[in-house]
Structure formats: structure tokens, C-alpha cells
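Please read the points alongside the structure shown below.

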Amino acid sequence: MYGTAERLLRLLSLLQARRDWPGADLATRLEVDVRTIRRDVERLRSLGYPVHATPGVAGGYRLGAGAALPPLLLDDDEAVAVAVGLRTAASGTVGGMVGGIEETSVRALAKLEQVLPARLRPRVGALQAATVALPGAGPTVDAEVLTVLATACRDQERLRFGYAGSSGAATDRSVEPLRLVCTGRRWYLVAFDLDRAAWRTFRADRIDGVPVPGFRFTPREPPAADLAEYVARQISTEVYPHRLVLRVAAPATALAHRIPPTAGVVEEVDEHSCLLRTGASNLDAVPYYLAQLGYDFVVEEAPPGLVERLREVAERFARAVG
């Protein structure tokens, strides 16, 4: 059983973790009755937290936005992550198509570090000191766009936005967003495209303007259990007209260090070998790309004409050293 102060902090933490909470669920989590939850909600309201009652048979609560930002509860790992993220943004690594967020990040970081517990400062400093940012490594995305996308994924709200495809053609999209995935260089949105009735992967930097939220929706079955692998497959093979599969004589972990997720998908076969699924827009470039793998490989699946090109290049290299 929690004490009153501890229970209030626990209740606030639960309200911040999820959009809607039935009162009965909160009562079960905190081991009290529903009447106690109602009294605790009133206490939070008196402290400035905008807790709204939600309609429905069971009734529930939602932590809303107020005129001023009330205090947030962060555990140690979350506080370290926020501090490092703000330092990275302040350094200019995260920019914006319209304007960067460096200045805003500096102000927010100053407020956070003022109250950051002393025991966490060495962790933040160590992570920051060990990280070197390479500006311009990838396209920047407006911070507001990422915020809207992430919020819609969390709250299961439809989105409408303009989108520029790989060919540059502009289209209007209406989607049910599922998850944001970052490859380290780019942000991708996994969403169900309502007009095309299929799952799609959208590059966030190709979204035109700030997406417009719409009605809430019931989540669909995800296109894959591992969304990171799903996105890697979509951007490394599905977008290319020529696709191939190689059996590589190397452990999957070793090859994964050499192949970024945007270039191919690595699948373990056994402790000594793995499969590499990749693609290309130009077959003539494939032999020279494969020569950089650094491991022996066997072509398992290949588009027409690739094997002949591999033989031609191998013979050319053999003549060069013969």
C-alpha cells in the first residue's frame, strides 16, 4: 500500500505514461478504490496538473496540456537520455528544414541540468564525451514534424500530409501511423496508407510541412514483428529494381558491422555464415560493391544478367594480375 504522497507521484507517473486510463485500472495499479483515485485526481488538479475526465461507461482520466508545463517525472535513465539528447540537439546535429532547434535546446538543457541529480552528471558527461557528431551526415527534419509524427503514433491518430516520392512527384497521403524508426541517418514513418490500402514506409524529410492530425483509429496488425528489420528491408531491397541474396562466409554480427541497414539486411544462418539481402538500381555497379564485402560469398538469388557480369569482372581482374 502506498502512502498519500507516494501514491500521488505514482499516479502522476502512470498518467504521463499513457494517454487514457480507466479509473478502475488506476485503482488496481495503486491498490486503492475508485473513490480514492477521484480524490487523488482532485489533489493533482489543485497542484496545477490538468487531469481531464474521459467519457465512457467505465470512465477514466487523461493528463492534458495546461497553460504552463507542470513538473514531469523522469527516472534516472530517462533523465540521462533527455540530457544527452538536448546536448546533441544544441550542438546542431538535429536541424530543421525551416529552422534549427539549437537555441531552444540550449534553454531547455540549462533548466534540466540545473536540477539534474549529482549522481547522474558523470553518466551524461561520459556519454557526451564519447560521442562525436558529424554534421550534415543526413537530411535534417523539422523538430515539429517529428513531434507530431511521434504523438500521432502514440495516440493512434490519423495523419494527412503532402509527400514527395523518390521520383520527386508530390502526393497527398492519409495514413494510420504505427511507429517512427531511425536508421542513424534518416527518420522513417511506418504507417498504413489508407488510399493505397497497404503498409508504407515514409521518409520524414520528404514530408511537406507539418502533418495534420485527424480522427483516432483502431490499430491494425503490424506488417512485421520487428519493425526495425521491416524498415531495413523496405529501404535496402524493396525500392530497387534488382534484388539479390548472397550466402556470405562470415558471422552475421561481423557482416552487420560492414553493412548499414540502408544497404542490406543480414540474416544469420549459423555461427560461420549468414545471408545478405540487398538491391541495386544498376547491375553494372554490383560486382564492385560486392568486391568490398571482405568475405567469400555464394550467389543464392540474382536478377538476370548479374552472374554473367560477375564472371566478366572476375576474368578482368584475373587478367590484370596474371
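What does the accessible surface of the chain come to, and what percentage of it belongs to carbon and sulfur atoms?

1. The model is predicted. The accessible surface of its chain comes to about 18,700 Å², and carbon and sulfur atoms account for 54% of that surface.

2. Of its 322 residues, 34% count as buried. Among contacts in the chain between residues at least 6 apart in sequence, those joining residues at least 24 apart make up 59%.

3. The structure holds 5 aromatic pairs. One of them joins Phe161 and Tyr163 in an edge-to-face arrangement, with 6.4 Å from centre to centre and 65° between the planes. Phe161 is buried because its relative accessible area, 5%, is under 20%. Tyr163, at 7% relative accessibility, counts as buried too.

4. Phe161 and Tyr163 also belong to a cluster, in which ring pairs link them with Phe202.

5. Phe192 and Trp199 form an aromatic pair that is edge-to-face as well, at 5.5 Å centre to centre and with 80° between the planes. Phe192 has a relative accessible area of 11% and is therefore buried. Trp199 has a relative accessible area of 18%, which is under the 20% cut-off, so Trp199 is also buried.

6. Phe192 has a further neighbour to consider: Arg220 lies over the face of the Phe192 ring, at 3.8 Å from the ring centre.

How values were computed: Residues are numbered from 1 along each chain as its sequence is written. This is a predicted model: local features need pLDDT of at least 70, side-chain atom pairs count only at pLDDT 80 or more; totals for chains, interfaces and linings use all residues. Side-chain values use heavy atoms; hydrogens and water are left out. Rings of Phe, Tyr and Trp (its six-membered ring) pair if their centres lie within 6.5 Å; planes under 30 degrees apart count as stacked, over 60 as edge-to-face and the rest as tilted. Buried means under 20% relative accessible area, exposed over 50%, partly exposed in between (1.4 Å probe, protein chains only). A charge sits over a ring if NZ of Lys or CZ of Arg is within 6 Å of the ring centre and within 35 degrees of the ring normal. Contact means heavy atoms within 4.5 Å. Accessible areas come from the Shrake-Rupley method with a 1.4 Å probe; for residues, only the protein chains shown count as cover.
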